[in-house]
Amino acid sequence: AKVVGVDAATDLAVIRVEGKQDLTVAKIGNSDAVQVGDWAIAIGSPFGYQATLTAGVISAKERDVDPSMQFQHFLQTDAAINPGNSGGPLLNIRGEVIGINTAIATGNGGYQGVGFALPVNTAVQVYNDIIKTGKVTRGSIGIRFTPSDAPGALANLKVAGVKEGVFVVQVTAGGPSEKAGMQEGDVITAINSKPVRDGNQLIGTVTSTPLGSALNITVEREGKRHDLKVVVADLAQIFPEQYGNGREETSKPGEPTTVKFGMQIQTLTEQQADRLGIKQKGGVQVISVEPSSFADDIGLLPGDVILSVNRQPVHATEDITKFGSTRKPGDAVQFRVLSKGPNNDWSARYAAGTLPSNAR
């Protein structure tokens with residue numbers, strides 16, 4: 001598979017799967033039509049147990065689990081979702097995909113009856129944008145605000161003398177709102193004369209507005225009403241670190257390389273390592289492992305990151321290829337690798353063995 005595009009804001013990527021096999025396509029449902037109480041079926045590989053199916057119901061909609069995830073409003077389900085389910089589908093009773101399993105609420109790292117799936121309609125929007133333009137473009141007015149359910153949110157509104165609205169905590173320097181005269185401490189109460197109740201409504205209106213279009217935004221400031229004309233700009237340009245559509249790669253990963261030990265590997269760029277949460281520099285990632293090969297025998301797994309071979313640092317696929325070319329049957333080979341655990345944390349281990357006569 002090849003990556004077509006990435007959207008950091010929703011943690012989604014579009015990949016093109018290439019191959020001669022006939023692949024079964026999942027049927028896409030309509031997550032907007034889902035109701036609380038509907039049956040839900042989750043599929044994934046919890047704790048490494050592949051192709052596991054669990055069932056439950058939709059227990060809530062439009063859940064916000066992290067204030068930084070402004071574009072991820074989740075379906076909540078009590079179908080068992082555990083570490084390893086992420087990326088798997090959430091289905092309705094007709095077998096249609098209604099969500100992508102994403103997160104759990106837990107005190108111990110395991111299932112406690114509350115799981116979250118990104119609605120498939122959100123994924124479809126991201127897919128369509130990436131296929132059309134190679135990236136997802138969203139509008140922004142260049143502010144940060146207090147979520148309506150945050151501690152002190154109601155108090156901020158009361159001090160401002162309003163019952164509903166969005167309390168502005170930061171105005172980005174040089175952004176559209178600053179240019180229009182918006183200030184920290186303002187409360188946004190209406191857009192184009194329509195009342196604004198909370199941040200989700202504000203985000204929905206702004207992100208769906210074409211770039212370059214002007215919005216008439218009403219704010220309350222020290223007991224007075226102000227009408228501002230704010231021109232919507234590109235979110236990724238205003239907040240590039242957070243919403244830069246997967247961040248621009250300063251180096252490109254090479255094509256997967258098949259090496260002597262029976263595996264495909266790929267050089268790991270710094271940007272990829274950051275996204276994976278790996279602090280160590282360098283290394284190559286295992287893309288696939290051939291069954292009954294030397295790599296399979298010593299326990300290497302797809303997703304593992306190889307940091308060294310026989311105590312020699314590995315920085316690129318060429319390091320493994322060069323090392324393999326000098327090995328012969330009977331030689332001892334030791335890989336130091338990072339493997340992801342059930343809690344999505346990385347731990348180092350050693351995978352070692354003696355090359356057999358038919359090593360491949």
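Mentor: Rings of Phe, Tyr and Trp (its six-membered ring) count as a pair if their centres lie within 6.5 Å; planes under 30 degrees apart are stacked, over 60 edge-to-face, and the rest tilted. This is a predicted model, in which local features need pLDDT of at least 70, side-chain atom pairs count only at pLDDT 80 or more, and totals for chains, interfaces and linings use all residues. Residues are numbered from 1 along each chain as its sequence is written, and side-chain values use heavy atoms, with hydrogens and water left out.

Trainee: How many aromatic pairs does the structure hold?

Mentor: A pair of aromatic rings is described by the distance of the centres and the angle of the planes. The structure holds four such pairs. One of them, Phe 261 with Phe 294, is tilted, at 5.9 Å centre to centre and 45 degrees between the planes.

Trainee: Where in the chain do Phe 261 and Phe 294 lie?

Mentor: Helices (H or I, at least four residues) and strands (E, at least two) are DSSP runs, numbered from the N terminus. Phe 261 sits in the loop between strand S17 (257–259) and strand S18 (263–267), whereas Phe 294 belongs to helix H8 (residues 294–297), 33 residues apart.

Trainee: Is Phe 261 buried or exposed?

Mentor: Buried means under 20% relative accessible area, exposed over 50%, and partly exposed in between (1.4 Å probe, protein chains only). Phe 261 has 0% relative accessibility and therefore counts as buried. Phe 294, at 4%, is buried as well.

Trainee: Why is the pair of Phe 261 and Phe 335 edge-to-face?

Mentor: The planes of these two rings stand at 85 degrees, with centres 5.5 Å apart, so the pair is edge-to-face. Phe 335 lies in strand S22 (residues 332–340), 74 residues from Phe 261. Ring pairs link Phe 261, Phe 294, Phe 323 and Phe 335 into a cluster.
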